[in-house]
Amino acid sequence: MNKKLFAVGIAAIGIAISACSGGMAPAGVATGETYVLPALDADLQMIAVLPKDTIGEELPSEGLGQIKDEKWEALLGGFTQQHYSEQLAFPPGTKITIRNLSKSIPHTLDVVKVLAKPPAAFPKNPKLSIKPHGHGRLEAGYASGVINPGKSVTVLLAKKGIYEIGCAFHYGEGMHDVIVVNKYGRHGPQATPLPTSRPTTTPTSRSSYEP
Ligand SMILES: [Cu+2]
């Protein structure tokens with residue numbers, strides 16, 4: 001079992017490295033067991049690629065960036081399956097790990113609402129719970145509870161659907177996204193990497209989708 005997991009991990013790294021060889025990866029990415037890219041600045045740590053069935057989250061301004069997603073007609077940010085913010089997608093029945101990629105800031109993953117189809121209109125000031133709700137199953141009302149820096153929680157994607165999600169602490173700073181739970185769902189295009197000198201508190205253009 002451990003051997004199998006190890007092999008999957010190595011395969012994932014191989015894919016990530018070959019996918020990055022087009023010029024996205026900074027020089028000096030190790031081909032061995034190292035998951036961490038060279039830091040872009042003193043206190044920023046970028047994960048090379050997330051393990052399968054993992055969502056990484058942090059503030060868009062911590063490094064994940066934001067993307068104006070055409071399919072959802074909305075600005076998505078703060079959550080990724082790869083390197084940078086993007087629409088997330090997994091098959092039903094997947095037990096995923098939500099990992100806080102931040103080195104210093106706690107985050108949550110809460111379901112904001114359940115959608116029937118695009119577009120994703122994010123409500124202005126939804127009430128998102130800091131306490132855990134939903135018994136580890138992603139559905140309306142689910143809340144992960146506080147996930148401290150570097151920590152993870154798991155959640156079962158029990159039901160097919162489209163879920164708007166957000167961080168209870170940083171929804172207003174652009175931490176909201178869409179998870180598609182569907183057999184054929186695929187993660188969306190990723191945000192563009194941020195410049196190395198970036199603000200840490202100023203939200204980027206989050207007004208573009210608001211009425
Ligand atoms: Cu947050």
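pLDDT is the predictor's confidence in each residue, on a scale from 0 to 100. The structure is a predicted model, in which local features need pLDDT of at least 70 and side-chain atom pairs count only at pLDDT 80 or more, while totals for chains, interfaces and linings use all residues. Residues are numbered from 1 along each chain as its sequence is written.

**Exercise 1.** State how confident the prediction is across the protein, and where pLDDT stays under 50.

Start with the average: the mean pLDDT of the protein is 81, and 69% of its residues reach 70 or more. Next, locate the stretches where pLDDT stays under 50, which are residues 12-47 and residues 204-211. Finally, count contacts, where two residues are in contact if their C-beta atoms, placed from the backbone, lie within 7 Å. Beyond four places in sequence, the model has 33 contacts for residues 12-47 and 11 for residues 204-211.

**Exercise 2.** List the elements of the protein, then find the order of strands in its open sheet of 4 strands.

Helices (H or I, at least four residues) and strands (E, at least two) are DSSP runs, numbered from the N terminus. The open sheet has the order β4-β1-β6-β8, with mixed pairing. Its edge strands, β4 (79-80) and β8 (152-156), each pair on one side only.

**Exercise 3.** Describe how β1 and β4 pair.

Strand β1, residues 54-57, pairs with β4 in the antiparallel sense over 2 bridges. Within this pairing, Glu57 stands opposite Phe79 in β4.

How values were computed:
Pairing = 2+ DSSP bridges.
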